[in-house]
Amino acid sequence: MIYDYVVIGSGIIGTMIARELSRYDVSLLVLEKENDIANHQTTANSAIIHSGHDPKEGTLKAKLCVLGNSLYNKLEKELDIPLLRTGAFVVAHDQDEEKMLDQLYQRGLINGVGEMMLLSGDEARRQEPLLSPSITKVLSLPTTKVTYPWEVAIAALGNAIKNGATFQRNSEVVSMNYNDGVYKIGLKNGLNVQTKNIINAAGLWSDHVALMLEKEFELTIKPRKGEYLVLDRKAKDLFHKVIYPLPTSSGKGVLIVPQVHGNILLGPTSSPVSDPNKAGTTKDGMTYIKDHLKKLSVHIPYDMVIRTFAGIRASSTYDDFYIKESSFFPGFYHVAGIDSPGLTAAPAIATYLINEIIKLKANQKENFDPYRVKPIPFHHRSDLDKKKMIEENPKYGHLVCKCEKITEQEIIDAITGPTGNETIKGIKKRARAGSGLCQGGYCESRVLKIISKTTGKSLDEINYYAEHTPILMKETKKHD
Ligand SMILES: Cc1cc2nc3c(=O)[nH]c(=O)nc-3n(C[C@H](O)[C@H](O)[C@H](O)COP(=O)(O)OP(=O)(O)OC[C@H]3O[C@@H](n4cnc5c(N)ncnc54)[C@H](O)[C@@H]3O)c2cc1C
């Protein structure tokens, strides 16, 4: 078969583009090199749906960030994704910083950010009492929100599949050639795919994928790592808004970010790295975060840190999002160098690509269904419902993750659903098992056994995350 479109990459950009394309009467395949959706940038970021106060005026980043922010309100209804309307404060400490804050306010106005306000330090502290007393002025951004990025990507791709798209994971694109209007894509697993159009949404590898066909490419990815600390849900009520310092040339700075499930994120750092696969945290990174947060608040409970993590940004030598058709290969579209605010802009990037770059003329499907029916977590149900469900299926009566109250049947659903996954991290992304205070200390071995039983794989074949990351190395005790 010759597909109309192949999308390379299932981060937030590839999945949003796939969902948008699935509205149309076109055949569509999404290829992902990893064993799961959203394993790179989309899995490890600050989760902020930015207002759009920060990108330079007139850039695609500015235009698509502001539009993307408003499109998330629609996505919330259609895909039932979590969206916490936190609002945000950008803070200043002295006259020089106040001037910069005023300029940021003007930039926000030009970018079309709504509802902004300038507040005095005291006015801001009435809303966020733990803000540093040295803060003198604040830019308030009520349209800033927070989401759960990998759920958005999984929901978008699930919806695209419901509307006819096909998804292949473990399918790394390693070669391409073009002949007479048809592209032949070679995969690492030895298979080939044919298509009339390719959308390169390969994130940190988007320059590499471009150069599989292009002789030269306008941008080079320069990965930048961002490290974080995560506070337990008990810290939930300490901060209600996203708190930003003033941005600098290396980014938005170290932030305080309330999360949709009650945790608080602290970070990120921003440092260049050579290997986009190496997202470890460092002592220096943690120290950097703590030092920089002193200017935002001196009341951060570091004894509530439950984990650290890092993500790697697809920053590039191009000063903006790069969303263009190849000058030499018709139907080869690059959506490259999508660093922050890529999560925010993703739904707008998808419509911009399809309407303004591809200028797609295909008919829209009459039966396109924009909705996802999200399963209600078992522990949110009424006692009567719970009793009935356990009577019908005792696996609902078996609590596997005590911190997040996740049952065996919910783990099985996360493995077997249309966008299911059989890694420990994949289950965490879908069912939240292992996301709580004990960070999987209690449930991980139990989840492992359920994956093994459900998939028929042996315990030592089950990966934590990517391929070749087994949890069990060798058997140390024999049971009778
Ligand atoms: C530390 C950090 C903080 C951030 N904070 C925010 C924020 O708060 N708000 C915001 O709006 N944005 C934020 N961002 C930016 C945002 O996360 C990214 O812009 C967005 O996730 C990019 O999505 P993507 O789909 O382009 O990339 P990715 O999520 O990296 O997806 C690309 C996919 O392509 C796949 N792929 C690559 N090569 C191949 C190949 N050859 N064959 C098949 N598949 C391939 C990869 O495996 C991957 O799954 C942050 C980013 C980082 C790292």
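Helices α10 and α11 are roughly perpendicular to each other (a class that covers angles of 65 to 115 degrees), since α10 (residues 408-416) and α11 (residues 424-431) pack at an angle of about 110 degrees, with their axes 9 Å apart. The model is a predicted one, in which local features need pLDDT of at least 70, side-chain atom pairs count only at pLDDT 80 or more, and totals for chains, interfaces and linings use all residues. Residues are numbered from 1 along each chain as its sequence is written, and side-chain values use heavy atoms, with hydrogens and water left out.

**Helix packing**
- The contact (heavy atoms within 4.5 Å) is made by Glu410, Ile411, Ala414 and Ile415 of α10, together with Ile427, Arg430 and Ala431 of α11.

**His334**
- His334 is found in strand β20, which covers residues 332-336 (strands are DSSP runs of E of at least two residues, and helices are runs of H or I of at least four).
- His334 counts as buried, at 1% relative accessibility (buried means under 20% relative accessible area, with a 1.4 Å probe and protein chains only).
- The side chains of His334 and Glu214 are joined by a polar contact of 2.8 Å (a pair of N or O atoms within 3.5 Å, where within protein one must be able to donate a hydrogen and the other to accept it, and residues adjacent in sequence count only if both atoms are side-chain atoms).

**Ser22**
- Ser22 lies in the loop between α1 (12-21) and β2 (28-31), and Ser22 counts as buried at 2% relative accessibility.
- Leaving aside neighbours within four places in sequence, Ser22 is in contact with residues including Leu28, Asn159, Lys365 and Phe368.

Notes. Axes are lines fitted to C-alpha atoms, for helices over the stretch in contact, and angles run from 0 to 180 degrees between N-to-C directions. Angles under 35 degrees count as roughly parallel, over 145 as roughly antiparallel, 65 to 115 as roughly perpendicular and the rest as oblique. Buried means under 20% relative accessible area, exposed over 50%, partly exposed in between (1.4 Å probe, protein chains only).
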